[in-house]
Structure formats: structure tokens, C-alpha cells
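Take a look at the model below. Then follow along, one region at a time.

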Amino acid sequence: MSETFNLLDTRITFYVIMNVSFCLATSCWIAGLFVTHRYLFIKPSMLLLAFSHVFFQCPLALYSGYYEQFLPDPYAFALLVHAYMIMGLLVSVFTYRRSAESAWNQITDPRLLDNAVSMRAVVFTTSLVACVVAAYLAYVPFKSTGLYAIFATPSLAAEAREKSLKLLDSQTLQYAYSLMVSSVAPLLAVMLGVLLLKGWRKRDFVKFSLHIIFLFLLMFSVSMTGARISAVNLILVIAIAFVFSKGLPFQPLKLSLLIIFLLLPPTMLSILREGKAVGLGTVFEYLEYLARRAFIMPLDTGSLYVHYAQTHSPWGISAIPKLAAILGIAPINAPNLIGLTYTNTTVASTSAGAGYLFTYYGYFGLASVLFSMIGIWVLDVALLVYVRLGSAMILPCVSAVSLAILAFISSDYTVVWLTHGFGVILLLSWLLDHFIAPSGFDLRPRTARSV
């Protein structure tokens, strides 16, 4: 893994220079688009490309010396990343521009925050969350949850987390809880965040306090399994909503502070789960570890799929279990195989998930880059939903979808559409907008339906 590589040992080779040059050129390109055509960043494809630049291209430039040594064919790895970025940008910049600008104008309208919440939508989504949590606790006693184990028996927290969701006998409950966490909860979090802002502006501290309590209960609800990221995602999606409503202002200091703030809760939970004393030194140690895991590990794990495919051969259809079953091919659990092959683990089952850009290379080789790029452009069908939403759901939908897009960095393509909520959020937002919370205050221009 690259964590054992000393950056000072990097030799200045053509490979290193090439990766750094592509990274700098793409940085300038994205920065130029951000300054001149900021509305494009409401597009899912542009957001995914921006995330891919941060989590793939930049670490590749930084650790070029390591990947040049580690991979049998490092140039194929570089081609995979850079072609994905450049071709993705070339198409994304020129497609769905009118729809993107229409949705952007609506979401940045100063009047939006005063009309961005329907209480009927809040009640409906709150009811969904409450029903799922009630069903979950009826099946899994609270003392058996991963959240309880973090505080009561930290040494057993990892095992309790597995048992409290992944090893449930009820697959229906698994999917219901997962979709609640990935789809319903982010939409509700944004609506609660807007209500908090309204309460603060009107100095209505009773409603403000009430909405704070509801938000904490929501964070508690999504953290039942002990997953550290679930509660953090709710804070993040609220931040995304307010940043979008302000027109994506560029504020590096505030962004840095937000990242530290978001990393603090999982840092504290990690310390508690491992039964260590909370101290300033321990907090900084764990913060450094989590920051590295967040920004370096996605590429590191992806490189394992590339290494395996280059060392052996691509798996083909067998690595997609459901498709393999339909075609009568013996399936392969690729994340488990990669985890067992490249990590020091004594357990019989593990999982090393990676972004679809790299898993698809492991399945189909370098030809997969074409499918990966098509996958980027298909994401912009979300704009067809955006331009049809009224003021009550446009901000929650765009914010929740933007959060879901981040999952493409570490998960397979179809998994993000369903399990991580990308497609579910779009469908649920449209249903809420048309049947539960029709907005009486429509910010959409008359040409909004044109693409």
C-alpha cells in the first residue's frame, strides 16, 4: 500500500512528470470552468469528475513513484485515470447546459430558502424513518446494535456492526434500513436544516430547539449499526445544501474547517470503539489516519483491482454476480478476493470495495474505460428531474444526489444507483414533489422543461 511509501524516495521519471502535468492541466481546466461556468457544477457528471480529480488524479500525481513500482503496467493505470477525466470533461462541458443553468438559477434564487420546505414532506419522510427504525429495533434489540457496542463494549463494536445489518436474516429489513439511511434521511436532513435556519432568522428558539432535537434523533436513527459515516453524511448534506443555495462560493478556509469538523465525529467514535483514552494527541493521530483513508485510500484500493487484472487476467462477467447467475456463469466475489489477497487479515470474509472506474478495469480490462465514461454522462439524466421540481424539493434533491455521487468514488456503478440512493433519491423527490408536497411557489422559468 502507498502508506508505506516515502514520498522523498520518488524518482523524477517521465511517468511522474506525465501524471503531474495531466493533474495540473486538469486542475486549471476545472478551476476555469468553476470561475466562468459555475452553473455546470450542479450536473452530477461534473461533480463526479471534480471528485475524481481530487480522489484519483491528485493522489496519482503525488504517489506516481509508488504506482510506477507497484503495478506491472503503470501506464495503463495512468491512461485509465486521465482518459476518464479528459474525455469525461470534453463531453460533460457541452451537454445539458440549458437544463443545468435552469436548475442553477432556481436553486440559487434568494427566495428559495423561504419556500424550500413543505411540512407535508417533512411529516411524510419523518414517518418513513420512524417506521423503518421501529421495524429495525423490533428485529434487533438496541443492546445488540453496533451503536450500543461502541459505548458499552468497544472491543466487540466491529462484530456488532456486522451482525446488526449485514448479517441480518431479513433481506427486506436490510434494504429498507439501507435505503432509509442513503435516500430518505438525507432529504429529511436538508429540510430540517432549512427549518433550523428559518427558526434562527426569526429568533423562534422554540422551533429552533425542536428542529435541533429532530436532527439529532435522525442522526441517532441512521447510526444504529455503528457506522461512523452515516451521521457525518447528514451534516455534510446540510452543508452541501447551503453552499449550493449561496452559489458554490469559493472559501478555502471554511472548507478546511468543515472537513476537520466532519472528520471529528468518526474520529471520536473510532477512539471510543478501540477503547482508548481521548486526548489531544490521540485525536490528531486518528484525524491524520481518517484524512488519509478518506483522500488516499480510494485510489489505493482501486490500484489493487488493476494490479490483480494485470497480474492474472480480468474476471469478466463472473465478477458481476447477478449477471453471471442469469448467464449461468460461476460468480466471483471480487471485493472479497481482493481483500483476502492484498490485506493482512485472518478472517474468512472481507471486502475491499473500490470505485467503478477500477472495478470495471478488473472485470473487463482497459476497454472498460469507454463504459466508465458513458456511466458519467448517463448521470446527467438527473437534470430531467431537477427541472421538473418545484421550490419545496429542488434543494433537498440536488443536495442529496450530490452526496450520493461521492459514493461512485468507492463503489460499483449500479450499487450507487440503488444501495447508495442516487436513483432512489431522484424517484422519491419527484414523487414527493408531485403527490405529497406540491409547491405553491414555483421558481422554475417557463423554459425549464427544455433540455
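A residue counts as buried when its relative accessible area is under 20%, and as exposed when that value is over 50%. Between those limits it is partly exposed. Keep these cut-offs in mind as you read this predicted model.

Start with S429, which lies in helix α22. Its relative accessibility is 0%, so S429 counts as buried. Which residues touch S429, apart from its neighbours within four places in sequence? They are L187, L389, M393 and C397.

Now step back to the whole protein. The secondary structure consists of 22 helices and zero strands. Of the 451 residues, 51% are buried. The accessible surface is about 20800 Å², and carbon and sulfur atoms account for 68% of that area. Contacts also reach along the chain. Take those between residues at least 6 apart in sequence: 78% of them join residues at least 24 apart.

Two packed helices are described by the angle between their axes and the distance between the axes. Helix α20 covers residues 394-405, and helix α22 covers residues 422-436. Their axes come within 9 Å and cross at roughly 170°. Angles over 145 degrees count as roughly antiparallel. The helices α20 and α22 are therefore roughly antiparallel to each other. Which residues meet here? From α20 come C397, A400, V401, A404 and I405. From α22 come F422, I425, L426 and S429.

Next, find helix α17, residues 356-364. This helix is mostly covered, with eight of its nine residues buried. Four tyrosines are among them: Y356, Y360, Y361 and Y363. L357, F358, T359 and G362 are buried too. What do these buried residues pack against? The partners are α2 (44-62), α4 (74-92), α14 (297-311), α16 (334-342), α18 and α21 (413-418). After α17 comes G365, which has a positive phi near 80°.

Helix α18 spans residues 368-378. A nonpolar patch on the surface is formed by L370, I374, V378, V381 and L384. Together these residues have about 350 Å² of accessible area. Helix α18 gives the most to the patch, with three residues. An α-helix has 3.6 residues a turn, so residues three or four places apart point the same way. V381 sits in the loop between α18 and α19 (382-386). Is V381 buried or partly exposed? With a relative accessible area of 31%, V381 is partly exposed.

Charged residues come last. Side chains of opposite charge can pair when their charged atoms come close. How many salt bridges does the structure hold? There are two. One joins the side chains of K43 and D380, with 3.4 Å from N to O. This pair links distant parts of the chain, as K43 and D380 are 337 residues apart. K43 is in the loop between α1 (14-36) and α2, while D380 is in the loop between α18 and α19. Both K43 and D380 are buried.

D109 and R111 form a salt bridge as well, and their closest N and O atoms are 2.8 Å apart. What about their cover? D109 has a relative accessible area of 15%, so D109 is buried. R111 has a relative accessible area of 44%, so R111 is partly exposed.

Terms used. Residues numbered from 1 in each chain as written. Predicted model: local features only at pLDDT ≥ 70, side-chain atom pairs only at ≥ 80, totals over all residues. Heavy atoms only, no water. Patch = residues over 30% accessible without salt bridge, like charges linked within 9 Å, V, L, I, M, F, W, Y side chains within 5 Å. Areas by Shrake-Rupley, 256 points an atom, 1.4 Å probe, with all protein chains shown as cover. Salt bridge = Lys/Arg side-chain N within 4 Å of Asp/Glu carboxyl O. Helix = DSSP H or I, 4+ residues; strand = E, 2+ residues; numbered from the N terminus. Buried < 20%, exposed > 50% of the residue type's maximum accessible area, 1.4 Å probe, protein only. Axes fitted to C-alpha atoms, helices over the stretch in contact; angles between N-to-C directions. Parallel < 35°, antiparallel > 145°, perpendicular 65-115°, else oblique. Contact = heavy atoms within 4.5 Å.
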